[in-house]
Amino acid sequence: LRAEALISPVGVSLIPPFEVPLRDSSVVGLRLNFLMGAHQAVQGFDLGVLGNMTDRAFGGIQVAGVFNRNKGPATVLGMQFSGLVNWNLNKSEIYGIQATLGMNINHAASRLVGFGIGVLGNISPQGTIAGAQIGIFNRAKNVYGFQVGVINFADALHGIQIGLLNINKSGGLPFFPILNIGI
């Protein structure tokens, strides 16, 4: 028999392994990371000076000075913000704003309903965007809405791309500078 991991309403971390509860636990409520925290799962509000990390699942709002990294499925409700990178390695569902001064990276099947704002860019090669991606470089599988940047790339565009280089692989105008419209 295996004991289930601890679930705590509050998590406090300086840097792993100096955190309560320990990394193999989950936080449901509030996690405060004075530098960086790492737990199995977090559901609620996740605040980190440097970074927030989850190994299995995240759900809620994440704010970090440098990075957010989620290995398991991530469901962002409202906001995921970081100074440098938001990195979701597994399926992600973002409802609201995903914003960073660097890159928003969503691997696996992902969905953004709202705004992806990354100064350097937004990368969702297997993802669907229902809203807007705004950054120097924007990449998504399906776009229902807008991509605004220097380089915009969509496998299927159902909206508008505004930028110097706009690529839509699904037909219509596959390449068009300044403005590209997909149906």
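**View A. Contact range across the predicted chain.** Take contacts (heavy atoms within 4.5 Å) between residues at least 6 apart in sequence: 2% of them join residues at least 24 apart. The secondary structure comes to zero helices and 15 strands, where helices (H or I, at least four residues) and strands (E, at least two) are DSSP runs numbered from the N terminus. This is a predicted model, with local features needing pLDDT of at least 70 and side-chain atom pairs pLDDT 80 or more, while totals for chains, interfaces and linings use all residues. Numbering runs from 1 along each chain as its sequence is written, and side-chain values use heavy atoms, leaving out hydrogens and water.

**View B. Ile-7 in strand S1.** Ile-7 sits in S1, residues 7-15, and is exposed at 58% relative accessible area (buried is under 20%, exposed over 50%, partly exposed in between; 1.4 Å probe, protein chains only). Beyond its neighbours within four places in sequence, Ile-7 touches Ser-26 and Val-28. Its C-alpha lies 9.4 Å from that of Val-42, 35 residues away along the chain.

**View C. The largest nonpolar core.** Twelve residues make up this core, including Val-27, Val-42, Phe-58 and Leu-157; such a core is a set of buried Ala, Val, Leu, Ile, Met, Phe, Trp, Tyr and Cys residues joined through side-chain atoms within 4.5 Å.

**View D. Around Val-42.** Leaving aside neighbours within four places in sequence, Val-42 meets Val-27, Arg-31, Thr-54, Ala-57, Phe-58 and Gly-59.
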